[in-house]
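Keep the sequence and the 3D view side by side as you read.

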Amino acid sequence: MDMETVTLSQIVEKLAPELSSFLTKRELAINIVLRDGLAVLEPADAMEIVQHSICEHQREAWLQ
C-alpha cells in the first residue's frame, strides 16, 4: 500500500473515538502521513500517534 495523508481526527474517529473530547480542534486538524495507510492501523497505533501528536503540538506552543 502507498503512503496516505490523513488528519488526526480521521484516525481518532476510526480507532479511538473516546479520545476526541480530549483533543483540541487544532490538534485534530494535524496532518499525519501513514506509511501503509489508514486501513492497516491498529488501536495501539492510534494511541501512539495521538500521544506523539500532542507532544509535538505542546512543543510548538513553547517555541512560539
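**A walk through the chain**

Ala44 counts as exposed, at 56% relative accessibility; buried means under 20% relative accessible area, exposed over 50% and partly exposed in between, with a 1.4 Å probe and protein chains only. You'll find Ala44 in helix α3. Ala44 and Leu15 sit 29 residues apart in sequence, and their C-alpha atoms are 8.8 Å apart in space.

A word on what you're looking at: this is a predicted model, where local features need pLDDT of at least 70 and side-chain atom pairs count only at pLDDT 80 or more, while totals for chains, interfaces and linings use all residues. Residues are numbered from 1 along each chain as its sequence is written, and side-chain values use heavy atoms, with hydrogens and water left out.

Now for the overall layout. The protein chain has 3 helices and 2 strands, where helices (H or I, at least four residues) and strands (E, at least two) are DSSP runs numbered from the N terminus. Follow the sequence along and the pattern reads β-α-α-β-α. Of the 64 residues in the protein chain, 33% are buried. Take the contacts (heavy atoms within 4.5 Å) with a separation of 6 or more: 70% of them in the protein chain join residues 24 or more positions apart.

Let's head inside. In soluble globular proteins, nonpolar side chains tend to be buried together. A nonpolar core is a set of buried Ala, Val, Leu, Ile, Met, Phe, Trp, Tyr and Cys residues joined through side-chain atoms within 4.5 Å. Here the largest nonpolar core has 16 residues, and Leu8, Ile11, Val12, Ile32, Leu34, Leu41 and Ile49 touch the most other members. The elements giving two or more residues to this core are α1 (8–15), β2 (31–34) and α3 (43–63), and α1 gives the most, with 4 residues.

So which residues of α1 are buried? They are Leu8, Ser9, Ile11, Val12 and Leu15. Looking down the axis of α1, the buried residues fall within an arc of 160°, so they line one face of the helix; the arc is that of the directions from the helix axis to the C-beta atoms. Pick out Val12: leaving aside neighbours within four places in sequence, Val12 is in contact with Pro17, Leu19, Ser20, Leu23, Leu28 and Val50.

Arg35 is exposed, with a relative accessible area of 64%. Met3 lies 32 residues from Arg35 in sequence, yet the two are 4.5 Å apart in space, C-alpha to C-alpha. The side chain of Arg35 also meets that of Asp36 in a salt bridge (3.5 Å, N to O), meaning a side-chain nitrogen of Lys or Arg within 4 Å of a carboxyl oxygen of Asp or Glu. The structure holds 1 salt bridge. Asp36 is partly exposed, at 34% relative accessible area.

Last stop: the largest pocket. Its lining includes Ile30, Ile32, Val33, Leu34, Asp45, Glu48 and His52. β2 and α3 are the elements that give two or more residues to the lining, and α3 gives the most, with 7 residues.

How values were computed. 1 Å grid on protein atoms, 1.4 Å probe; cavity = no way out; pocket = protein on both sides within 12 Å on 5 of 7 lines; lining within 4 Å.
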